[in-house]
Amino acid sequence: MIFDCLLTADAAWLGGRELAGPTAIGVREGEIGWIGPLPAAPDATHREHIEGVLLPGLIDYHVHAALIQPEKLLAAGVTTVMDLGWAPAEIWPLVERARHDPGLPRIHAAGPFLTAPGGYPSRQPWAPPLVAIEVDDPAAARRAVEALVAHRPATIKITLNSQAGPVVDDATLHAIVRAADAHGIPVTAHTQGSGQTRRAQLAGVRVLAHTPWTEILDDRLIADLARDTTIISTIDIHGWGEPSPDREIALQNLRRFHSAGGVVRYGTDLGNGPLPLGVNTREIAALTEAGLSPTEVLDAITGAPLRPGAPADVSVVPGDPIANPAVLGQAGAVLKGGQNVTDSDGGG
Ligand SMILES: [Zn+2]
C-alpha cells in the first residue's frame with residue numbers, strides 16, 4: 001500500500017510507560033494506515049521528518065471556543081477541543097467552520113446549557129442571549145434535549161449550581177439524562193454547591209465538567225464516581241496559579257478520585273478567566289500533584305493512541321514528556337485529520 005504521507009521522527013509515544021525509538025507513521029485518507037519502527041517503513045509519495053517526540057493530537061476537554069482564538073490552540077498542539085456550553089447562534093457555525101478549516105482544531109460542542117428557570121448561567125453578566133435553555137419540568141427537559149439533538153451535540157451540558165441560583169429538581173434531571181441516553185449522548189454536569197455532585201451521579205450523569213470544589217466529597221461518593229464517571233480537571237480555574245482554598249478542595253477530591261481508579265481528563269475551561277491560550281502547564285502540574293503519573297497525564301490529554309485506524313491527528317513536543325510533562329507546554333500540531341498544519345502549503 002502506498003501512503004499519501006510518511007511522517008518520521010526519532011521518537012514517539014505509542015502508549016505505555018516508555019517512548020518508542022525512530023518511528024514512521026503512514027497516513028492515508030485522514031487516518032493512520034501504518035505505524036512502526038522506521039527501518040520497516042512502507043513507501044509513500046511524500047516523506048517528512050519531524051524534530052521531536054510524536055504524540056496523538058492533544059485534547060482540551062473543557063473550553064468555550066467562541067471566547068478564545070481557537071487557531072492558537074491548534075498551533076499549541078491541541079487538535080481537538082470540547083466546547084462545554086455556548087449560544088447556538090455562535091457555536092454551531094463555529095463547529096461547522098472547524099470541520100473544513102485546517103487552521104482550526106476539531107471542535108466538539110454541547111451547545112447551550114440546560115438549567116432551571118433563572119439558574120446559572122442565564123443571569124450571568126457575560127452570558128449572551130440563549131446561552132441557556134431553562135427547563136422547569138420533565139416534559140420541558142425532554143423537549144429541550146430533542147431540540148438540541150438536531151445539532152448532533154457531543155454532550156448535553158447541564159448546570160447544577162445551587163450557589164448561583166435555582167437548580168432543576170430530580171425528576172427534571174433524570175428526564176434530561178434519560179432523553180440524552182436515548183440518543184446515545186452523554187450528559188456533562190457543572191456541579192457547584194452542597195450535594196449537587198451526588199445528585200448528578202445518582203441521576204446518571206457520567207461526566208463532571210469540573211473537579212468538584214465546593215465540598216470534600218465523602219468516600220462512598222468518590223468510590224461511586226470512580227466506577228462510572230469521568231472528571232475533567234479544571235484545577236487551575238481556582239487562583240490561576242495562586243493557592244486558594246477552593247483549589248485545595250478540588251485537588252484533594254481529584255487525588256482521591258484518581259487513586260480510587262477514576263478516569264481523569266485534562267480540561268482548562270479556556271475562555272473563562274485569565275488562562276494561558278495553549279496547553280496550560282499549571283493544569284498539567286496540578287494533574288501531577290493529584291497523583292497522575294506522566295503517562296497517566298498523557299492519557300488524560302490525548303484520545304486514542306497513535307495506531308492504525310485512528311484519525312491522523314498528531315502533535316509533537318521538543319523533549320521527553322514522560323521525563324518532563326511540562327514539555328507539553330511547548331507542543332505543536334503536525335497533522336489534523338491527515339492534513340499538515342505545520343506549514344501553509346496545505347500539503348501533507
Ligand atoms: Zn466552562
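**Overall architecture and selected elements of the predicted chain**

The protein chain contains nine helices and 17 strands, where helices (H or I, at least four residues) and strands (E, at least two) are DSSP runs numbered from the N terminus. The model is predicted, and local features therefore need pLDDT of at least 70, side-chain atom pairs count only at pLDDT 80 or more, and totals for chains, interfaces and linings use all residues. Residues are numbered from 1 along each chain as its sequence is written, and side-chain values use heavy atoms, with hydrogens and water left out.

The overall dimensions were considered next. For 348 residues, a compact globule would have a radius of gyration near 20 Å, and the 20 Å computed for the protein chain agrees with this; the radius is taken over C-alpha atoms, and the globule rule is 2.2 Å times the number of residues to the power 0.38. Along the principal axes, the C-alpha atoms fill a box of roughly 60 × 40 × 35 Å. Of the 348 residues, 54% count as buried, a class defined by under 20% relative accessible area, with exposed meaning over 50% and partly exposed in between (1.4 Å probe, protein chains only). The chain exposes about 14000 Å², of which carbon and sulfur atoms supply 52%; these areas come from the Shrake-Rupley method with a 1.4 Å probe, and for residues only the protein chains shown count as cover. Among contacts (heavy atoms within 4.5 Å) between residues at least 6 apart in sequence, 65% join residues at least 24 apart. The 25 positive and 39 negative charges have mean positions 6 Å apart. In this count Lys and Arg are positive and Asp and Glu negative, while His and the chain ends are not counted; each charge is placed at NZ of Lys, CZ of Arg, CG of Asp or CD of Glu.

An open sheet is formed by seven strands in the order β3-β2-β1-β4-β15-β16-β17, with mixed pairing. Its edge strands are β3 (31-37) and β17 (339-340), each of which pairs on one side only; two strands are taken to pair if DSSP finds at least two bridges between them. Within this sheet, strand β1 (residues 5-12) is largely enclosed by the rest of the structure, because seven of its eight residues are buried. β1 pairs with strand β2 (residues 23-28) in the antiparallel sense over five bridges, and A9 stands opposite T23 in β2. β1 is also joined to β4 by six bridges, the two running parallel, and A12 has L54 in β4 as its bridge partner. β4 in turn runs antiparallel to strand β15 (residues 314-317), with four bridges joining them, and L54 stands opposite V316 in β15.

Helix α9 (residues 294-301) also meets β4. The buried residues of α9 are T295, V297, L298, A300 and I301, and they pack against β4 (47-56), β5 (58-63), β14 (263-265) and α8 (281-289).

Strand β10 (residues 156-161) is likewise largely enclosed by the rest of the structure, since six of its six residues are buried. In a regular strand, side chains alternate between the two faces of the sheet. Both faces of β10 are covered, with I156, I158 and L160 buried on one side and K157, T159 and N161 buried on the other. β10 pairs with strand β11 (residues 187-192) in the parallel sense over six bridges, and N161 stands opposite Q192 in β11.

Helix α5 (residues 196-203) has six of its eight residues buried, so it is largely enclosed by the rest of the structure. The buried residues in α5 are Q196, T197, R199, A200, Q201 and A203. Their cover includes β10, α4 (170-182), β11, β12 (207-208) and α6 (219-228). After α5 comes G204, whose phi is positive, near 100 degrees.

Two further residues were examined individually. D228 lies in helix α6 and counts as partly exposed because its relative accessibility is 28%. When residues up to four places away in sequence are not counted, D228 touches Q201 and R206. Its C-alpha atom is separated by 38 Å from that of D10, 218 residues apart along the chain. A89, found in helix α2 (residues 88-100), counts as exposed because its relative accessibility is 70%. The C-alpha atoms of A89 and A260, 171 residues apart along the chain, are separated by 41 Å.
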